[in-house]
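The sequence and the structure are shown below.

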Amino acid sequence: MSLLKNKGVLLAILIVFIMLDSFFLLPDNIVVPVPGFFRISDILIIIVMFTFILFPNRIITIFQEYTQLSLIVICACILFIITVIMANIFFHQPFFNGLLFLRDNFIYLLFFTFLVLINSEEKLRVFIKLSVILITCVALLAIIQKCFPQSPIFNYRFIGEEQYSDIRHLRLGDYRLFFPHMSFTFLFYFIMLADLLHTGFDKKCLFKLFFVILIIFSVISTATRVHVITMTIITTVAFLTSRKKIYKIAGIVLLIIGISIQAFSLAVSKKGIAALEENKLVQIILSAKNVSQGSIEGRLFQHDMYMKNFLKSPVLGVGTLRFDPNYSNVYKKHKFYYNNDLGYSKMLAEYGLVGIAWLSWLYIYIFKKTRKISKVSFQGNDIPYPIMISKGVWLFFLYIAISSLTLPHFIEGYRIVPIVLSLVFLVIANNSIESKGNIDNVGFSNPK
């Protein structure tokens, strides 16, 4: 299907590009045309409004066919309104200011927009291909930026202009690669990984393999512990759960070899094998155990702060404060401040048990549906595309579930984009299988 016939898919890619702040590639005067008042991602309101106005019948159909998913999306938006109210009650933060701060979180409503624009397996294939190409370009640009720091490629307006000269960005003796919006990248990394492990090899396999290797290299180069550790765990799970025995065996062998080598090295010396210890991947993983590091100490302090505030309002939470760079003054005033270094404990404090109940509802729904789709019987050696997509979404949500210990995936605007897309992917995968008549009772509409 030519791109000219896929205007909806191209529009969906454009929406993603806008919602993710153009991956920091565009200058401020485009991304933030009116500082303090309007940024380009604020057209979210216009996009959602036009979706409901121009496609009312389609929206009604989505509600009817995917009732539970629609309710999950709407309840998420209700939670954001509640947290603004609670912040007004506990911290006297003006309601409008709090709502303005959380406006990007209403990205959940793009679930309806994306389902209107990407409504078939054929369009989904095109969207995934274009997204993979986009991510590949961003990854290559990120590597070029690190090799040539003075190149005017990325706009560091939110993280400072000293990305490759400031000591803050050093880790393990090297500057960390700047790779924007990693959670979006991981969605497509796990889909491509599932594709490689669950389907046959063809001419396109080389590009898929290149993409997977590129992302692995890029993630390790960021030296971000949560991403590196989680990617390693979930990639191992992907091998071990593959339907192809050769990959299962490979995963088991690599796991055993890795554990055995390190166990043997520790038996020989307390430090272990030098070559292994000096490996950057191993260093990043081992550094996570060092609680004396500033970032770890900071997270422990935040966790304690969140738990104390959770006890003040266990059911609905204490709400979300606007970001203020002057942490110390805000903490002195409220014994609470905004940060995004933790996931579950932050959500527990700000949204209470109601927020955790919503999250549990989403997890149960996703894992239940991906499990049902994965059990579909089929003929031949190659897994059907919809099942492969479901497998990729399953791996992505495993990554989300683990990394949410330190990342607030479900309550931070740009991190919500891949979550919404994964829901859309599952719906399309389910519909595609049902249309082929080889699946029973896996529908997303009003499940029992």
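## Cavities

In what follows, Ala, Val, Leu, Ile, Met, Phe, Trp, Tyr, Cys and Pro count as nonpolar, Asp, Glu, Lys and Arg count as charged, and the others, Gly among them, count as polar. The model is a predicted one, and the values reported here are computed from it.

With a threshold of 30 Å³ or more, the model holds four cavities, and the largest cavity contains about 40 Å³ of space. Its lining is made up of G343, Y344, M347, L359, S404, L407, P408, H409, F410 and I411. Sorted by class, the lining of the largest cavity comprises seven nonpolar and three polar residues, with no charged residues.

## Nonpolar cores

In soluble globular proteins, nonpolar side chains tend to be buried together. In this model the largest nonpolar core has 116 residues, and Y108, F111 and F425 are those with the most contacts inside it. When neighbours within four places in sequence are set aside, F111 is in contact with I62, L69, S70 and V73, as well as with V420, L423, V424 and V427.

I215 belongs to helix α10, which spans residues 205-222. Because its relative accessibility is 0%, I215 counts as buried, the cut-off for that class being under 20%.

A139 and I215 are 76 residues apart in sequence, yet the C-alpha to C-alpha distance between them is 7.4 Å.

## Positive phi in two loops

Which phi value does F24 have, given that it is not a glycine? The phi of F24 is positive, at about 65°, and F24 is located in the loop that lies between α1 (7-19) and α2 (28-31). With a relative accessibility of 12%, F24 is therefore classed as buried.

H181 is likewise not a glycine and has a positive phi, in this case of about 55°. The loop that holds H181 runs between β2 (174-175) and α9 (182-198), and since the relative accessibility of H181 is 8%, this residue also counts as buried.

Notes:
Residues numbered from 1 in each chain as written. Predicted model: local features only at pLDDT ≥ 70, side-chain atom pairs only at ≥ 80, totals over all residues. Heavy atoms only, no water. 1 Å grid on protein atoms, 1.4 Å probe; cavity = no way out; pocket = protein on both sides within 12 Å on 5 of 7 lines; lining within 4 Å. Points joined across faces, edges and corners; volume = space filled by probe spheres on them. Helix = DSSP H or I, 4+ residues; strand = E, 2+ residues; numbered from the N terminus. Buried < 20%, exposed > 50% of the residue type's maximum accessible area, 1.4 Å probe, protein only. Core = buried A, V, L, I, M, F, W, Y, C linked by side-chain atoms within 4.5 Å. Contact = heavy atoms within 4.5 Å.
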